[in-house]
Amino acid sequence: MASSGVALCFTCFLLLLVSFIHASSLHCESESSSSSSCTNPNKHPLVNGLSWSFYESTCPNLDSLIRKHLKKVFTNDIGLAAGLLRLHFHDCFVQGCDGSVLLDGSASGPSEKEAPPNLSLRAEVFKIIEDLRAHVHHHCGSVVSCADIVAVAARDSVFLSGGPEYKVPLGRRDGLTFATRNATLANLPAPTSNATVILDSLASKGFNPVDVVALSGGHTIGISHCTSFTNRLYPNQDPVMDKSLADKLKLTCPATNTNNTTVMDLRTPDLFDNKYYVGLVNREGLFTSDQDLFTDERTKEIVIEFAEDQSVFFEKFAEAMMKMGQLGVLTGSNGEIRGNCSVRNQDYETFLKRYEVEDVEEDKSEL
Ligand code: HEM
């Protein structure tokens, strides 16, 4: 009797296991592109005009063109992956994922990239995006937008740094305008913000607390300038910050306006993993906006869960990135496909002339 009961239990267990494996494989198989992941792309509806197979006939190798190029770039400097991820965040949060952060200034005013939060975007990432655009347009023609290239480059930056792979719906078009300094400041929360400010600001864009904590996990790679966190060192040391970290940071940043940088995830600064959350649990978060996620009761348990289980973090991060990547996108006949990521097509002639003049002047000065 007892042995048949054990056999029955064992069979039940096997059946459960088989159905679980089957369910997870369906989950992965439902995706079409080569860079598929196990994150279900159909979980959230896509905004109108975006699709999972947008360039299937016009640029079928888009994924591999971008990934191969970035693999080479990251062999020299993996830190640029962090720069590209942040670029996508700054593009999407201000006026939607429309490539407006890439535009140079014009007669209408200084560009979005000249607004204070964007000044610490790495200069190299703008060049990488333009190189990718040239490479992709060379192979496929001018059919892929700069905004889509930024989104795919961010996804590959996460994946090539060790993070989850997720699919990026495509079909974004490039914007014809850039945001003002004030709009940029209003849409990118400051690192000195507490959890209430961050939660409210992101809720206004449709993110729930799990999304907020997951997106902040972007800080598992990359660096920060002293000026983004010296409010926690001077004039008084933030008592929440681990004392030995604060002492170390004071050496890197001896004054509030020092131009030095430090890594954001002390344990594995170049690896996209869940150690950022382990840092928060140990009161080693760099910004108020990071550390307060562990102090605030609404987000504390989420931080702990991500610190304990990397796979949950990866799943939630991928979902939140899919949401972020669809913010305010231009699709269909709105916007355009820029032939150069830093200028609108209608300004391209003027742009070329300006560079011709600058080249001639440089040549003259060399004589
Ligand atoms: C939620 C509010 C956020 C705030 C307040 C914030 C703030 C900051 C600040 C102040 C820096 C350092 C800038 C510097 O001093 O050089 C930074 C860096 C960075 N952020 Fe965020 N961030 C936020 C959300 C995000 C999101 C959603 C992502 C991506 C999913 C992200 C990815 C990054 C990355 C990768 C870096 C490092 C960049 C590099 O090394 O070049 N951040 N962030």
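Me: Leaving aside neighbours within four places in sequence, which residues is Ala183 in contact with?
Reply: Ala183 is in contact with Val94 and Gln95; contact means that the C-beta atoms, placed from the backbone, lie within 7 Å. Residues are numbered from 1 along each chain as its sequence is written. This is a predicted model, where local features need pLDDT of at least 70 and side-chain atom pairs count only at pLDDT 80 or more, while totals for chains, interfaces and linings use all residues.

Me: Where does Ala183 lie?
Reply: In helix 6, residues 181-187. Helices (H or I, at least four residues) and strands (E, at least two) are DSSP runs, numbered from the N terminus.

Me: And why does Ala183 count as partly exposed?
Reply: Because Ala183 has 15 C-beta neighbours inside 10 Å. Buried takes 20 or more other C-beta atoms within 10 Å of a residue's own, exposed 12 or fewer, and partly exposed is in between, with C-beta atoms placed from the backbone.

Me: New topic: how many residues surround the ligand?
Reply: There are 24, and the closest are Ala82, Ser120, Gly218, Gly222 and His225. A residue is near a molecule or strand if its C-beta atom, placed from the backbone, lies within 6 Å of it.

Me: Which elements give two or more residues to that shell?
Reply: Helix 3 (79-93), helix 8 (209-216) and strand 1 (223-225). Helix 3 gives the largest share, six residues.

Me: Why does the ligand lie between the two domains?
Reply: Because domain 1 (49-188 + 337-367) and domain 2 (190-323) both give residues to the shell around the ligand. The domain bounds come from an automatic or database domain assignment.

Methods
Contact = placed C-beta atoms within 7 Å.
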